Structure formats: C-alpha cells, structure tokens
Amino acid sequence: MNNKHIKIVIAILKEEVKKWKPPIVDEIEKQSKDPYLVLISCILSLRTKDKVTENASKKLFSLSNNPYSILKLPLTTIRKTIYPVGFYRRKAETIKRISKILIENYNGIVPNEIDELLKLPGVGRKTANLVITVAYKKQGICVDTHVHRIVNRWGYVKTKSPHQTEISLRKKLPSQYWITFNNLLVTFGQNLCRPISPKCPVCSISKYCYYYNENFVN
Ligand code: SF4
C-alpha cells in the first residue's frame, strides 16, 4: 500500500467504522470534553479490554472526576473501584501520583504537549499521543498494537515495534490523517482486522492490503 491508496483506504474505513462502537477513550472525550478524564481512562485502558475500561472509568468518575478529589480518595477505594482492569493495584497508585503532580506542577490541568505528558508516571508515547490527539485535537500519531499490526499487514510500513511504526508514520502518513488514525484503526482492528483470524474475505479494503494479496490471491 502506498500514499495513493491510503486516501482511498481511509475514506472507506471512515464509512465502515460507523457500524461499530468507537474506542472507549474517544467516547469518554465525547461525553466529558475533559482532558483529565481522557488521560485517566487512557491509563485504565492499558492492557485492558474496552468494556472493562468503560465500567471502571464510569465507576471511578462517579466517585471523583478531577485530580483534587481523586487525591483525597483512599488508595484501597481506587483499587476496588477500578478492579478488574489490568494491573489495577499499580494503576491506582499511578492515578494518585499523576493527580498530585498535575496539582503541584500544572495547576491541576493536563499538559497539552507530548514532552510534558511523558514526564508523568505511567505515561508512555502511546498515552501521550492519545491525549494530545483525542483531548486537544493536536497533531500526533497514537500507535498501539492495533495500529502497529494493521499498517504492517497493509505493507504501508515495515517495522518491528510500535515506536518504529510511529516514526515511520510521522514521516509517511499525510498529516491530515494523523489525529483520527488511531480511532479508525482501533475500531477496525477490534472488529475486523483482528489480531488472530482477521476477516479478510469480507474486508472492503483487501485489494490494497499486502497481507491479503500474499495469503488469499494465488
Ligand atoms: Fe486486515 Fe485482512 Fe483487511 Fe488486510 S485484508 S486489512 S489483513 S482484514
């Protein structure tokens, strides 16, 4: 797949994904318009299924929805509330530490720069890019396992890690697609281009896909 195809593929995907539920972090942004809740739901979502993240986020945000009141919650309460998200014990501590740093260093406001976000505990490039793009609508490319897998299957990049994929995409992907790229590919990856047994025979972009042409065409 090359940049001539990517325009067509993205146009098709934009229509395709309308029939599926969007990623939970995008949903939380849509409902709250609050970068803090976007950041905390990103933390909860790491190594966790969207449905579990959704329940944990709703329960936690019904107790507290800002860094000041989260800091006042006992650690055990946060742990119990977010259970069973992956690494819930460590994430409860991370949420408190992030909230404290935001209050002490950022007036309680989530920074809108990747380099500042990366200074927060538990925040890697994936989370930083997601907060920048989803909460602040600023240019960034969030590469998670779905994005990494799919663009490699397409043959659009040839990379071995999400970080390498982000670097390649930053060089190659036209900038008008950056902000929404994660939303499109995560939704597509959860529902059709799955990690195991992708539904290639019913995929509407198969003719542009390297994986399909290697495995399904003579
Ligand atoms: Fe994914 Fe298969 Fe579609 Fe390629 S053809 S994008 S591998 S589902």
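Student: Is K138 buried, partly exposed or exposed?

Tutor: This is a predicted model, where local features need pLDDT of at least 70, side-chain atom pairs count only at pLDDT 80 or more, and totals for chains, interfaces and linings use all residues. Residues are numbered from 1 along each chain as its sequence is written, and side-chain values use heavy atoms, with hydrogens and water left out. Buried means under 20% relative accessible area, exposed over 50%, and partly exposed in between (1.4 Å probe, protein chains only). K138 has 27% relative accessibility, so K138 is partly exposed.

Student: Which side chain meets K138 in a salt bridge?

Tutor: A salt bridge is a side-chain nitrogen of Lys or Arg within 4 Å of a carboxyl oxygen of Asp or Glu. Here the N to O distance is 3.1 Å. The pair ties together parts that are 25 residues apart in sequence, because K138 lies in the loop between α9 and α10 and its partner in the loop between α7 and α8. The partner is E113.

Student: Are α2 and α3 roughly parallel or roughly antiparallel?

Tutor: Their axes are 9 Å apart and the angle is about 160 degrees. Angles under 35 degrees count as roughly parallel, over 145 as roughly antiparallel, 65 to 115 as roughly perpendicular and the rest as oblique. Therefore α2 and α3 are roughly antiparallel.

Conventions:
Axes are lines fitted to C-alpha atoms, for helices over the stretch in contact, and angles run from 0 to 180 degrees between N-to-C directions. Helices (H or I, at least four residues) and strands (E, at least two) are DSSP runs, numbered from the N terminus.
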